[in-house]
Each structure stands twice: as structure tokens, then as C-alpha cells.
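Thanks for coming. I will keep this short and start with one local piece before going to the whole chain. Please have the model open while I talk.

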Amino acid sequence: MQSLDAVSSFATLSRVTDDVWIVDDQPISAAGLELPIRMVVLRLSNGDLVLHSPVRYSPALHHELERLGAIKYLLAPNIGHWMFLADWQRALPRARTFAARGLSQRRQVRAAGIRIDRELGDVTPEEWSADFQTVAVNAPMFCEIELFDKRSRTLVLTDLVQNLDPDHLSPANEAAASLLGISGPDGKAPVYLRLLLRLGGRAVRAAAERLLSLAPERVIFAHGDWFQTDGTARLRQSLRWLVSAEAAGEQGRMTGTRVVITGASSGIGRATALAFARKGASVILAARRGDTLTGLARECEALGGRALAVPTDVTDAAAVQRLAKQAEDAFGGIDVWINNAGTGVFGAYQNADIALHRRTIEVNLLGTMHGAHAVLPIFLRQRRGILINNISLGGWAPTPFAAAYTASKFGLRGFTASLRQELRAHPGIHVCGVFPAIVDTPGFVHGANMSGRTLDPGPLLYQPDDVAETFVRMVRAPRDEVAVGWPARAGQVAYAMAPRVTENVLGAAFQFLLSRARPAKSTERTMIEAGPQGRSVDGGWLARKQLPPAGVISTGLAALGIAACVAVAASRVLRTPRRPARMRRRRA
């Protein structure tokens, strides 16, 4: 271990691998707890350095790091690890600062004059993709970016695991660390962070499973003794409060299952690809953006699955036929085909060019029909296969100001049901419809908005991982129709029982919301021509609103309802008058 200038810094630089170093600095005080801090230095293949969670700046440390390479990137990996950025930015004005989502909106960050060049989601920056893979862990009021160095199989966390050595703590700090659950050798996230992460819903569990699927040899984090050996086993132990042993182990593997996913470049499709890859499946990824698919394929393979990227526009029937042929040639067959590609145009019907309405029908309805037409001959030859059509709540209840979208989804529901009846004589072939409620995806970035108003999907949002997990379950146990989220099922029931009332309520609600929305420029976005924006799993709505996902909210409300019913029943029992013992004996 090499000590730096003791006058200007107490930091020590240590080499971990050929391209990874750590810098341990003197502790900070966090609510009275003396917390050791650590920066991780990673060198890209081109020689540039990434400083993960920079510690205190000193000229001596700066000089020592420059001997390793040019410092090109500063990374603030969560909303708490930015306090020393300003000094590094002054010393390195040309270095780019990447940060976890939401950091740039923090008042303290703005007041400190810190520049954020880019906030990261769950898509690895192109500049890093050859060497690193990033994983985002998102929860209300918390986001953390994890880095995995694929060359050395080194995983870099920040606060997701803390592991303080009790022998180096004062009695008071040892008691506090034990109470928070961050005392070694079995440390984990502090208890307050565990509560926030549980509010993050299925996406947090999926992110944790992804981290374990990477099978790191070592795990470095910002506070405490890091895992120098047995990284995967020790990480699994630290995350046992979040990930079950079955999910982290081999149970439920889908090795050899071949899954085609359209619309795979972002949103539900991306979440689905990662979910099946974690299970060891072979995924065939289809979307218009070939470069995005190539990066996703690398991530799927890093998770343990096999992947093939096939750039495809589902509105082109011949291209979809080629997709099916390439999948069959590459993997010897197709077990599951998920028609997930979708789009839409929002606004008064007459205000949008008819080309946008036609595109909506072509992608949502004809794109699905093209997929079914391409894969069914394969299923019939195999005498088995699962076709899953991602439909929508809009397939059950009409959505005002989205007439073409509603038409496509109503048609898609009918097409799915009709096809299912045609194939009744083939018990090994299943045709399934999935009806998600409103989901936090980049769909609002891709779809056209011709309303002249700013769109807001509201507070009750499900996660793409909720839908992806539904797809995984349907492969194991196929069902004709599945709703994701109670609003989807409620919309079905309401429209079936009282269609006129449902239409009037929805129409009035949308009119009211649009009247209160801020003006915005009408835009076609990426409906006609693909663009680089919106490559992540989520659309960032829950993060911006700092809200738990709808699945967590619904579970909490259900628990409160059950508790209330139990409390009412108990109070009635307690209020019931009891006959005196003497009267009971007299009756006897």
C-alpha cells in the first residue's frame, strides 16, 4: 500500500487488478457514525480513468492518479456520494461528470455549483460498454449506479452493501453499526436504505438478481471491508434480505429455452430480455435500432444467456419472416415468441396526420399479425410453442385521445382470441394475451404527442419488470389472458358492466387533465424514424415523482384494508356484552 502526501491527504492508493485501484480516505461523520470512505479507480481499455465516488481532493492524489492514466470521467454513483466533486471538477475542467438519476435536481448539488454532464439509467454509456456493464438500482428517494468490470469480474457498489469492521469502531459506533445492520463480517445495506429499496418493488429485486447473475469474483463498495474473494457467495449473503435463495440459485432456470422478443430495445422488451437471460434462456432480440440491440445482446450474454440481435421493423412482413428464420437457424427452433412492439399517437384524432394513425395500426396490430404468421408454421412443425401478445388496458377500455391506439388494441384482443380458438386442436401450442395497466416505460418518448399539452401518466405506474415477470410465469404456466395490475382488470370489468358510464368517466377525466396540463410543442418523436433516445427499461417517471411503483402501493393498501377489517371485527367482538357467569349457570 502506497501512502500519499500526508499533509494534504490521508488517502492511500492500493492496486486491486491491472486496471482497478482503490483509494481509502479518512472517515466522514454520518449522523455521528464514523464512516470510512473509499473511491474506486477504473481504467478503460483506451487508458482513460473513471473515478467512482471521488474522495477528498489533493494535488498529491491527483498527481498519483495521473500516473495511471488520464482522468476523463467522474462518477457520483448515488445521491449521497457527490460531496467532494466540486474540487475535482475545478482541477479537471475537461473531465465529464456522470451521476445517478435525480442528482442534478437536488438543491444542495445546485447550490454547490456542481456540473452534471449526464445522468445514468440502466443503459451502459457507449464510452464504457466495451469494458463495463452498469446496473441501476432505483427506489423512491434513492438511485445507485453499480459498475461491473467485465475484464476482471470486479463489481463496484456504493451503499448497497456496507461492512464495517467492529474491531476498528468505538463502542458507540459499534453499537450503531450493529443496529443499522452494517457491522462485519455479515454487513448489508443500512436498515433505512433497506426500507427504501423494498419500496422500489420488483425492479429492485430484478437489479439485485442481475448483480448476482454477473457472478463477480470480488465486490468493492464505499464503506467497510470489501469482498476480496468469494464475491458472488458473499454478495448473495449480503442481499439475502432482498433476493431469495431460490431466485439467486439454479432453481427455475430456463437454459435452452429460445425466446423471440420484438420491441426489445427499451421498456418492457428490454426488461423481458434481461429477465429471460438471467434464467439462462436464449433470447432473439428484435427492434429497429441495431446498435442498441447489439449492446443489449452483450448484457444478456453477461447474465448467462445466449443472445442474437436481429434489427427488424415489425411493419415489414418480409423482415419478420427473416427474423423467424434467423432465430430458427441460430438456435434450432423457437419456443416462445413475444409480440411486444408497440407505439401510439396521443391527441385529438383530427389533429394528427393520418400517417401517424396508420403507423399505430401497422406496428401494434399488423406487426403482431406478422409475428404470428412467421412463427406459427414453426410451432406447428414442432407441435409446441407459446405465442404471447402484449396488448394493454386499452384493449379492454377505450382510451380518449388515443383513437388509433384503442382501435389497434381492441383489434389485437380479438385477433388473439380468434387465433386461440383456431389452434384448439393443438394442445402444445398456446396463444396468450397480456393486459398491462399503465407502465413506467420510455413509450412516452417514442410515441407521438399531437395534443399540444405536456403528458403525465399519473402516479399509479407499474414497472416494466412486473410485465417481464408475467411473461416468464406464462412460459412456465401458459394462460389465455393475464392482467398486470388491478386497474387493467378493473377497466375490463367496468366496461363490460357499464360501457356508457365507463366511457363518460374516462372522457371527462382526460378532458380535465388535459385542460390543466402545461402547453407543449406537438411532436412525432420516433414513430416514423427511429432515434437514439429512450433506450432504458423505465421512463424515469417514478424516479422523478419519487413514488413507489403501483404494485407496492397496491400491496400496502391491501394490507391496510385487511388490517382495518381485522380491527373492526375485533372491536365488535370486544363490544359484545358477556352474560354474567351466574346467569349462565342458572340456564344450565
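E9 and strand E10, residues 142-149, pair in the antiparallel sense, over eight bridges. This is a predicted model, so please take everything I say as computed from that prediction. For a specific position in this pair, look at valine 137, which stands opposite glutamate 144 in E10. As a reminder, strands of a sheet pair through backbone hydrogen bonds, either parallel or antiparallel.

Now the sheet around that pair. Which order do the strands take? The order is E9-E10-E11-E12, in an open sheet of four strands. The pairing in this sheet is mixed. At the edges are strand E9, 132-139, and strand E12, 218-220, and each of these pairs on one side only. Ignoring direction, neighbouring strands of the sheet are turned by 20° against each other on average.

Helix H6, residues 202-213, lies across E9, E10 and strand E11, which covers 154-156. Relative to E9, helix H6 runs at about 155°.

Next, a single residue, glutamate 481. You will find glutamate 481 in strand E21, residues 481-484. If you want a distance to check on screen, take cysteine 300: it is 181 residues from glutamate 481 along the chain, and their C-alpha atoms are separated by 28 Å.

Last, the whole protein. The secondary structure comes to 20 helices and 21 strands. The radius of gyration is 27 Å, close to the 25 Å that the globule rule gives for 588 residues, so the protein is as compact as a globular protein of that length. Along the principal axes, the C-alpha atoms fill a box of roughly 90 × 75 × 50 Å.

How much of the protein is buried? Buried residues make up 54% of the 588. Of the contacts with a separation of 6 or more, 66% are between residues 24 or more positions apart. The accessible surface comes to about 26100 Å², and carbon and sulfur atoms account for 55% of that surface.

That is what I have for today.

Conventions:
Residues numbered from 1 in each chain as written. Predicted model: local features only at pLDDT ≥ 70, side-chain atom pairs only at ≥ 80, totals over all residues. Heavy atoms only, no water. Helix = DSSP H or I, 4+ residues; strand = E, 2+ residues; numbered from the N terminus. Pairing = 2+ DSSP bridges. Axes fitted to C-alpha atoms, helices over the stretch in contact; angles between N-to-C directions. Contact = heavy atoms within 4.5 Å. Rg over C-alpha atoms; globule rule 2.2 N^0.38 Å. Buried < 20%, exposed > 50% of the residue type's maximum accessible area, 1.4 Å probe, protein only. Areas by Shrake-Rupley, 256 points an atom, 1.4 Å probe, with all protein chains shown as cover.
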